[in-house]
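Please read them with the model open.

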Amino acid sequence: MALLIILITITLLILSIGYPILYQLFVNSNQIERQPTETQIIAHRGASKLAPENTLSAIEKALELGVDMIEFDIHLSKDGEIIVLHDEMLGRTTDGSGNVADYTLKELKTFDAGSWFGDEFKGERIPMLKEVLTLVDGKSTCLIEVKWNQEGVYKGMEENIVAEIKSFEAENWVIVQSFESSYLENINQLNPNIQLGKLLIGSWLLPVPFYFDYQFHWGKFTPPNYISWVNFYSKRATPLYIKSLKKKGVKVGVFTPNSEKDLIKQINMGVDAVITDNLDIYY
Ligand code: G3P
Ligand code: CA
């Protein structure tokens, strides 16, 4: 009996995790079946195949291409300044080492964030959020992903973001997204006019519903009413799930399909946006 229960549980879990992957095998990946205007193209970490991710050069290149949105990631320095970088650690994309949160802005600005990508980007600095907003200046929409570090969420991050968006009058051309719901709740309380996006890995995994964001959750994700976008891991996408979210009044994006076939599949399944490194396909 115990063995039977274990077998059933394992089968249900395999089905839950595997069915979107199985489903996607049958989606047309050869030809886009929708109008170009139906899917927004979001440059992941800027135009990150053309310039070092999350730098002003990557943002500039994305602007030149004319993408619909530019995604980038933010952290807080030791002295409370918002900087643009993906990792909480400096080692992968700069010549610094250690944790971002242990350095002041002035110290962070001494690191080279471009050489790892190519000699022509030598001397590129870690940008501040305000430098990126100055550069974009409403010419595209910024999709700002709020990160955290080993200590947990950044204290004071929300007030800081809201103040920066206000000072640039950027409510109409900025969307703030995070896996961490408390950031989104707090930003909504501080300024309900800021558009918000929820990041997820998986949801409504049949027959056993569960999803991950900052943590693991049993059950189906239901977007709170202040969320206008749900952006989730592309391998979990099925048309039914996309439709069910859209019915709740949110836009749906997926991260990060990069091959041509994966991008075509996601577009054909009806997403509103693809967050991708691979902009060659469109521009
Ligand atoms: O926009 C969502 C996507 O960027 C999340 O993944 O690791 O690239 O920040 P990551
Ligand atoms: Ca990101």
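1. Phenylalanine 216 is partly exposed, its relative accessible area being 39%. Phenylalanine 212 is also partly exposed, at 35%. The coordinates come from a predicted model. In it, the rings of phenylalanine 212 and phenylalanine 216 form an edge-to-face pair, with 5.2 Å centre to centre and 70° between the planes.

2. The structure holds 14 aromatic pairs. One of them joins tyrosine 211 and phenylalanine 221, edge-to-face, at 5.4 Å centre to centre and 75° between the planes. Tyrosine 211 belongs to strand E7 (residues 210-212), while phenylalanine 221 sits in the loop between strand E8 (216-218) and strand E9 (229-233), so this pair ties together parts ten residues apart in sequence. Tyrosine 211 is buried, with a relative accessible area of 10%; phenylalanine 221 is buried too, at 6%.

3. A cluster linked by ring pairs is made up of Trp148, Phe179, Tyr214, Tyr233 and Phe255.

4. Which residues supply the protein donors of the calcium ion (ligand 2)? They are Glu71 (OE), Asp73 (OD) and Glu145 (OE), lying 2.1 to 2.2 Å from the ion. Their spacing in sequence is E-x1-D-x71-E. Glutamate 71 and aspartate 73 are buried.

5. Helix H8 (residues 260-268) has as its buried residues Leu263, Ile264, Lys265, Gln266, Ile267 and Asn268. These buried residues pack against helix H1 (2-24), strand E10 (251-255) and strand E11 (273-276). After H8 comes glycine 270, with a positive phi near 100°.

Notes. Residues numbered from 1 in each chain as written. Chains lettered and ligands numbered in written order. Predicted model: local features only at pLDDT ≥ 70, side-chain atom pairs only at ≥ 80, totals over all residues. Heavy atoms only, no water. Buried < 20%, exposed > 50% of the residue type's maximum accessible area, 1.4 Å probe, protein only. Helix = DSSP H or I, 4+ residues; strand = E, 2+ residues; numbered from the N terminus. Contact = heavy atoms within 4.5 Å. Donors = N, O, S within 2.8 Å, 3.2 Å for Na, K, Ca; no water. Phe/Tyr/Trp six-rings, centres within 6.5 Å; stacked < 30°, edge-to-face > 60°.
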